[in-house]
Amino acid sequence: MNKALRLALSATAALIAAPVAAWAQNAFTTHDASMRAGPSVEYPRVAVIPEDSSVYIHGCLRGFNWCDVGWRGERGWVNGNLLSYAYGDEYVTVDEWGPRIGLPIVSFEVRDYWTRYYRDRPWWERRSRWFEDDRRWRDRDTIRRDDWRRDDWRRGERFDVT
């Protein structure tokens with residue numbers, strides 16, 4: 001296929017996919033959901049988002065088990081199985097359907113994230129605890145990823161590292 005045709009097809013595909021990805025980022029909580037300062041219940045609670053509240057998903061960790069969301073001027077992490085969005089005639093959970101809809105994958109680095117969003121929080125002064133925990137989590141992720149076998153990925157098994 002010549003270069004111009006490939007470029008035209010790529011541009012067309014991007015135009016078609018863009019509205020779907022943007023639409024998919026608007027989600028709803030399926031239950032009351034704790035918004036956390038990081039992708040784990042170990043991080044401080046930022047807010048409690050009531051059931052059926054609209055949130056904006058900035059992105060999710062690989063595995064879609066935790067998503068970085070915005071709600072009423074707050075920013076934090078919500079468990080992916082507590083988030084849903086309309087897909088066709090039904091509501092589907094982000095942890096199952098996020099990859100199919102094309103939600104963005106993001107990473108989490110506690111020092112950068114907290115500096116950007118939580119400097120005015122009471123637990124900011126105790127931040128060194130979580131900064132140290134972040135280093136241990138990243139080390140654990142590296143070890144676990146090295147242990148995964150290539151054929152596990154081919155079978156479609158999903159591994160959650162958080």
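Predicted model: local features only at pLDDT ≥ 70, side-chain atom pairs only at ≥ 80, totals over all residues.
**Entry 1: Thr29**

I began at Thr29, where a polar atom of the side chain lies 3.0 Å from the backbone nitrogen of Ser53.

Residues are numbered from 1 along each chain as its sequence is written, and side-chain values use heavy atoms, with hydrogens and water left out.

I looked up where Thr29 sits: strand 1 (residues 26-29). Is Thr29 buried or exposed? Thr29 is buried, with a relative accessible area of 1%. My cut-offs are under 20% for buried, over 50% for exposed and partly exposed in between, with a 1.4 Å probe and protein chains only. Leaving aside neighbours within four places in sequence, the contacts of Thr29 include Ile49, Val55, Leu82 and Leu83. Contact means heavy atoms within 4.5 Å.

**Entry 2: the whole chain**

I then stepped back. The chain has five helices and eight strands. These are DSSP runs numbered from the N terminus: helices are H or I with at least four residues, strands are E with at least two. From the N terminus on, the order is α-β-β-β-β-β-β-β-β-α-α-α-α. Of the 162 residues, 38% count as buried. Among contacts between residues at least 6 apart in sequence, 54% join residues at least 24 apart.

I found Ser84 in strand 7 (residues 83-87). Ser84 counts as buried, at 7% relative accessibility. Beyond four places in sequence, Ser84 is in contact with Ala27, Phe28, Thr30, Tyr91, Val92, Thr93 and Val94.

Pro39 is in the loop between strand 2 (33-36) and strand 3 (45-49). Pro39 is buried, with a relative accessible area of 7%. How far apart in space are Pro39 and Cys67? They are 7.4 Å apart, C-alpha to C-alpha, and 28 residues apart in sequence.

**Entry 3: the core**

Which residues touch the most other members of the largest nonpolar core? They are Ile57, Val69, Val94 and Trp114, out of 34 residues. The largest share of this core, four residues, comes from strand 5 (residues 66-71). Such a core is a set of buried Ala, Val, Leu, Ile, Met, Phe, Trp, Tyr and Cys residues joined through side-chain atoms within 4.5 Å.

In helix 3 (residues 110-117), the buried residues are Val110, Tyr113 and Trp114. Seen down the axis, they fall within an arc of 95°, so they line one face of the helix. The arc is taken from the directions from the helix axis to the C-beta atoms.

I counted 13 aromatic pairs in the structure. The rings of Trp114 and Trp123 have centres 4.9 Å apart and planes at 55°, so the pair is tilted. Rings of Phe, Tyr and Trp (its six-membered ring) pair if their centres lie within 6.5 Å; planes under 30 degrees apart count as stacked, over 60 as edge-to-face and the rest as tilted. Both Trp114 and Trp123 are buried. Ring pairs also link Tyr43, Trp77, Phe108, Tyr113, Trp114, Tyr117, Tyr118 and Trp123 into a cluster.

Methods: Polar contact = N/O pair within 3.5 Å; in protein donor to acceptor, adjacent residues only side chain to side chain.
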